[in-house]
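Open the model in your viewer and keep the selection tool handy. We will walk from one stop to the next, with a short note on what to look for at each.

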Amino acid sequence: MSHFDEAGAAVQAALDAGARYADARVMVCRTESMTARNGAVEDLGSDESAGLGVRALVGSSWGFYAVPDLSEPSARAAGRRAAQIAAASAQVAGPPVELVPSAPVVASWASDCKVDPLSVPLSDKGDLLVRATTVAKEAGADLAQAHYAVWDTHKWFVSSEGHRIDQHIRECGGGVTATAIGEGEVQRRSLPGQYGTRGWELVDELDLVGNAAQMAEQARALLTAPLCPAGETSLILGGSQLALQIHESVGHAIELDRILGWEAAFAGTSWLDLSKLGALRYGSDLMNITIDPTFPGALGSFGFDDEGTPAAKRHAVKDGIWVGVLAGRDSAAVAGLDYAGSVRSDGWSRLPMVRMTNVGLEPGPHTLDEIIAATDDGVFMDVNRSWSIDDRRLNFQFGCEIGYEVKNGKRGRMLRNPTYTGIGPKFWASMDMLSSETIAWGTPNCGKGQPGQVGHTGHPAAPARFTNVRVGVQG
């Protein structure tokens with residue numbers, strides 16, 4: 001069922017009420033999630049919501065209004081209200097708001113999906129999670145948990161410039177975690193939770209049951225493993241951990257609204273200075289970061305963002321130099337840029353804002369085996385356990401679930417409670433080896449904004465080595 005008529009009615013009503021630009025999004029969203037614990041289903045959630053959100057631009061100000069009623073009278077009332085809010089805000093004059101061009105598009109887009117996640121029987125999903133946690137318990141876990149989540153979103157977008165776009169985006173993912181409890185010690189091992197813009201085939205490929213025993217065995221082994229030694233050494237990060245490193249120390253830092261000072265909720269602004277775009281060295285020559293919502297199956301993929309801008313790949317960092325940002329049409333115009341394409345909201349009742357799409361590293365020339373073989377003394381760490389970063393996205397500290405000693409080109413004994421710390425550009429400048437074994441890791445819980453919004457982001461990453469990194473807890 002199309003909802004272009006309602007979106008169009010909202011846009012026209014906003015224009016009639018004095019807006020010089022307006023757009024509207026109708027969204028119908030279905031979600032489903034389940035968690036099992038120690039051989040039994042513990043939680044099952046299912047939700048469906050539908051509504052319309054409309055933006056109106058009057059003078060120097062935006063207005064936004066949303067309604068859960070998809071009738072045309074309600075849509076027209078929402079459009080008028082958005083224009084009234086914008087007009088009221090514009091009474092406090094600010095700089096004129098301009099928008100970088102976005103050619104009007106009439107189009108449809110749908111994510112690739114082999115097996116509709118919502119078509120898989122709940123009993124089959126529950127059996128999968130129960131089996132995974134049962135296997136983990138039998139292998140030595142004191143606490144075993146498994147989960148999955150599904151999002152099914154239909155969008156209809158109309159703008160006063162002539163955009164008319166509908167999209168159907170299906171996302172899902174899951175994971176399994178084993179916890180072991182010892183004398184004054186608790187250790188956790190997780191199959192890295194993986195999410196993507198794909199169907200249930202993604203969950204099948206994770207093989208939760210097949211990986212559950214190893215997670216439990218490693219969690220128990222970590223209870224008596226030696227502590228990660230403290231000092232400066234070569235650090236090899238697995239792809240899952242490097243994905244979070246990218247998310248926190250690159251992805252949020254290159255959000256243009258943070259750089260401009262428009263946004264400071266959820267860990268502040270950014271250390272980046274727009275005057276240095278195109279010249280600042282962010283990292284080593286191996287550092288090539290792309291903004292790529294066209295990446296097949298990744299969690300930050302789409303056909304068009306929530307301003308109707310077509311998905312397009314571009315560099316954020318090229319050969320170590322900062323060259324691009326995540327932008328919206330208004331923030332890009334303020335910054336003097338000619339592109340946008342990174343604006344999304346987490347639902348019909350939220351104002352679209354600059355969000356990460358797929359922000360990740362292009363593949364390097366090495367393999368993980370080659371990186372380990374080339375390391376005389378170092379530590380391998382993977383799968384995040386804790387993180388902290390300052391309000392400019394500059395100084396950080398991360399803890400991982402598991403570490404391994406690397407000596408004379410070989411991976412050695414397991415290490416407990418591995419941690420590392422650094423400063424963004426110095427850390428990235430030390431990257432001297434990067435694998436080609438890229439996986440697009442999904443982050444379905446990125447928080448931003450007030451009222452808070454949860455974003456879905458993707459981070460292509462592969463194992464990499466960093467030199468002279470401070471690891472462990474200093475005595």
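Which residue forms a salt bridge with Asp306? Select Lys155: its closest contact with Asp306 puts N and O atoms 2.9 Å apart. Bear in mind as you look that this is a predicted model. Lys155 sits in strand S5, while Asp306 is in the loop between strand S9 (289-291) and strand S10 (314-318), so the pair links distant parts of the chain, 151 residues apart. Both partners are covered: Lys155 counts as buried at 11% relative accessibility, and Asp306 is buried too, at 2%. Side chains of opposite charge can pair when their charged atoms come close.

Next, select Arg470 and Glu232, whose side chains meet in a salt bridge (3.7 Å, N to O). Here again distant parts of the chain are linked: Arg470 belongs to strand S22 (residues 464-471) and Glu232 to strand S8 (residues 231-237), 238 residues apart. Arg470 is partly exposed, at 36% relative accessibility.

Now pick Arg281 and Asp285, another salt-bridged pair, at 3.3 Å from N to O. Arg281 is partly exposed at 41%, whereas Asp285 is exposed, with a relative accessible area of 54%.

The whole structure holds 24 salt bridges.

**The largest pocket**

Select Asn384, Trp387, Thr443, Pro444 and Asn445 and centre the view on them: of the 37 residues lining the largest pocket, these lie nearest its centre. Elements giving two or more residues to that lining include strand S5 (143-159), helix H6 (239-251) and strand S15 (377-389). Strand S20 provides the largest share of the lining, seven residues. The volume of this pocket is about 950 Å³.

**A surface patch and an annotated span**

Turn to Val41, Leu44 and Leu122, which form a nonpolar patch on the surface with about 250 Å² of accessible area together. Leu122 lies in helix H3 (residues 122-138) and is partly exposed, at 40% relative accessible area.

Finally, colour residues 116-223, where an unreviewed UniProt entry places the feature "domain: Metalloprotease TldD/E central". This span is 35% helix and 44% strand, and its end C-alpha atoms lie 40 Å apart.

Conventions
Residues are numbered from 1 along each chain as its sequence is written. This is a predicted model: local features need pLDDT of at least 70, side-chain atom pairs count only at pLDDT 80 or more; totals for chains, interfaces and linings use all residues. Side-chain values use heavy atoms; hydrogens and water are left out. Patches are made of residues with over 30% relative accessible area and no salt bridge: like charges are joined within 9 Å, nonpolar side chains (Val, Leu, Ile, Met, Phe, Trp, Tyr) within 5 Å. Accessible areas come from the Shrake-Rupley method with a 1.4 Å probe; for residues, only the protein chains shown count as cover. A salt bridge is a side-chain nitrogen of Lys or Arg within 4 Å of a carboxyl oxygen of Asp or Glu. Helices (H or I, at least four residues) and strands (E, at least two) are DSSP runs, numbered from the N terminus. Buried means under 20% relative accessible area, exposed over 50%, partly exposed in between (1.4 Å probe, protein chains only). UniProt positions are given in the numbering used here, feature names are shortened, and annotations may be inferred rather than shown by experiment. On a 1 Å grid over the protein atoms alone, a cavity is a set of points where a 1.4 Å probe fits but cannot get out, and a pocket is an open set with protein on both sides within 12 Å along at least five of seven lines; lining residues have an atom within 4 Å of a point. Grid points are joined across faces, edges and corners, and a volume is the space filled by probe spheres set on the points.
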